[in-house]
Every structure is written in C-alpha cells, then in structure tokens.
Amino acid sequence: SLTVGVLALQGGVGEHTGLLRKAAAHLAAKFDFTEVRTTEQLARCDALIIPGGESTTMAIVARRLGLLEPLREFVKVDGKPVWGTCAGLVMLAEEASAAKQGGQELVGGLDVRVLRNRYGTQIQSFVADIQLPFLGEAEKPFRGVFIRAPVVEEIITHSTMGQKTAEPVEVMGVFRKAEAVKGDGGSVEDIVAVRQRNVFGTSFHPELTDDIRIHVWWLKQVLDTARHKGLPVVSAV
Ligand code: GLN
C-alpha cells in the first residue's frame, strides 16, 4: 500500500487525516495515513501533506527536529507528491513576502512568491466560493475557507541568475473578490491554487469542509505518480 503522511509539527493535522480517509474510500487502492514528526517517519512516506497553521512556527520546529533538509529533499530531489494548505503553501513557496524581515525559513519547491496574511488578521477570515476547473465540475464551486490566508503574488519564471525555471507553474484556481473585499487596494483576482511538477498548494483549507473532492483528486495524483514509478499499488477490496 501507499503511505501518505501529514506533517504533524503544528496545525490542522487531524482534519486532513480524516478527510484523506474519507477520500480513500472512493479509490480502488489501499493507503496508509500517518502523522510525520521525525525523519524516519518522513522516509516511509510516498507523499505528504503540509497542513495549515503558522508557517514561522512550523519552520522553527522543523529546523529543531532536523526535518527541514529532509523535507527539501523529499520535495525537490525525490520529487514525491506534496500538497500544502495555507501555511503549508507558504512552506512550499520559494519566497514569502512578509518573511524577509523575519528571516523565515521555507522548504520551497514551488517557484512562486507568496504574500502571507493577504486578507488581514484572524477576524477577517472568510468563506467564499471558488471555481476549481481541475475538479471538472464547473457548475459546482468549492467552498474556500480562508484563515489568515496567503496568496500567490508572483510566479517566478527566471532565477536570480536569469535562468528560466525548470517547469511552468500552473494556476489551478483563482479567487475573484466580491465587492466587500475589493476596496482593499489589492488585485481583484488572487491566485489561490497552484501546481508545479509534484508540488501542489492551496491558500484555503479544504480539510475544514466536508467536501472531499480535492483530497480525492490529489490522492489520484499520488496513485498516478506511484504507478509511473513502478511502486506496488495494493488494490482495496
Ligand atoms: N498566516 C499563516 C502563515 O502565514 C497561515 C494561516 C493558516 O494556515 N491558516 O503561516
């Protein structure tokens, strides 16, 4: 079976595991879901979710546990499927805007710069419908839960050395702001879901809904990757 980890240093771990289990019931393969706190646990994983929470805290804890370098290797060298939600998206970005002064460490993997806390503080959290064309159901929007959410403010196409980045970053979802939040001086359309190679990130929290569609979609990507690599996939009976 395939082992899918949820990084469990801090943040919304149990919610992801719960939705992963529900999603897996819809797939014809066997998965093991496990919480990841050590390099040994990480090494056993075929794929990983980095949950929401607080990215600065998560980075400090990861550094202390010696997990930052193994995480970077998991994402960039091993090329295993990784999905970050909210703070997890921040961790997977190559650059984070509000991070520079604080010297926040990131895992990286997505050639994007994120803007942290795009919509303000905790009390400015909101729920909004977003269109996610990759789910293939244009008529049924996804309830996006945004809690001090980051957005992708720039896609990095060239390195500081002027070299083109390896593979394009795909925009997988945008949020078109309603009048209520439009007057904040920012752009009217924010990028809230991206993918590049094995790395996927969302600004919002699907694990705080009971909508399993993104978890099902992502587990299918995990399965495809495993089959492609020739890993044994055990059928669910
Ligand atoms: N604002 C947090 C950060 O920058 C993310 C919030 C969340 O994950 N809900 O890390």
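## Contacts and overall form

In this predicted model, 71% of the contacts between residues at least 6 apart in sequence join residues at least 24 apart. Two residues are in contact if their C-beta atoms, placed from the backbone, lie within 7 Å. Because the model is predicted, local features need pLDDT of at least 70 and side-chain atom pairs count only at pLDDT 80 or more, while totals for chains, interfaces and linings use all residues. Residues are numbered from 1 along each chain as its sequence is written.

The protein has seven helices and 12 strands; these are DSSP runs numbered from the N terminus, with helices being H or I of at least four residues and strands E of at least two. A compact globule of 237 residues would have a radius of gyration near 18 Å, and the 17 Å of the protein agrees with this. That radius is taken over C-alpha atoms, and the globule rule is 2.2 Å times the number of residues to the power 0.38. The C-alpha trace spans about 50 × 40 × 35 Å along its principal axes. Of the 237 residues, 42% count as buried, meaning that 20 or more other C-beta atoms lie within 10 Å of the residue's own; 12 or fewer makes a residue exposed, anything in between partly exposed, and the C-beta atoms are placed from the backbone.

## Helix 4

Helix 4 covers residues 68–77, and its Pro 70, Leu 71, Phe 74 and Val 75 are buried. Viewed down the helix axis, the buried residues fall within an arc of 130 degrees, so they line one face of helix 4. The arc is that of the directions from the helix axis to the C-beta atoms. An α-helix has 3.6 residues a turn, so residues three or four places apart point the same way.

The buried residues of helix 4 pack against several elements, among them helix 2 (39–43), strand 3 (47–50), helix 3 (55–64) and strand 12 (199–202). Exposed Glu 69 and Val 77 sit on the face turned away from the buried side. Just after helix 4, Gly 79 has a positive phi of about 65 degrees.

## Strand 3 and its partners

Strand 3 is covered on both faces, with Ala 47 and Ile 49 buried on one side and Leu 48 and Ile 50 buried on the other. Two strands pair if DSSP finds at least two bridges between them. Strand 3 pairs in the parallel sense with strand 1 (residues 2–7) over three bridges, and Ala 47 is the bridge partner of Val 4. Strand 3 also pairs with strand 4, in the parallel sense and over three bridges; here Leu 48 stands opposite Val 82.

Thr 17 lies in helix 1 (residues 13–24) and is buried, with 20 other C-beta atoms within 10 Å. Leaving out residues up to four places away in sequence, Thr 17 touches Val 6 and Phe 33. Its C-alpha atom is separated by 9.4 Å from that of Ile 49, which is 32 residues away along the chain.

Val 188 is in the loop between helix 6 (179–182) and strand 11 (189–196). With 11 C-beta neighbours inside 10 Å, Val 188 counts as exposed. Val 188 and Lys 177 are 11 residues apart in sequence, and their C-alpha atoms are 5.7 Å apart.

## Ligand surroundings

The residues around the ligand include Gly 52, Gly 53, Glu 54, Ser 55, Cys 86, Arg 116, Asn 117 and Arg 148; a residue is near a molecule if its C-beta atom, placed from the backbone, lies within 6 Å of it. The shell has five nonpolar, four polar and three charged residues. Ala, Val, Leu, Ile, Met, Phe, Trp, Tyr, Cys and Pro count as nonpolar, Asp, Glu, Lys and Arg as charged, and the others, Gly among them, as polar.
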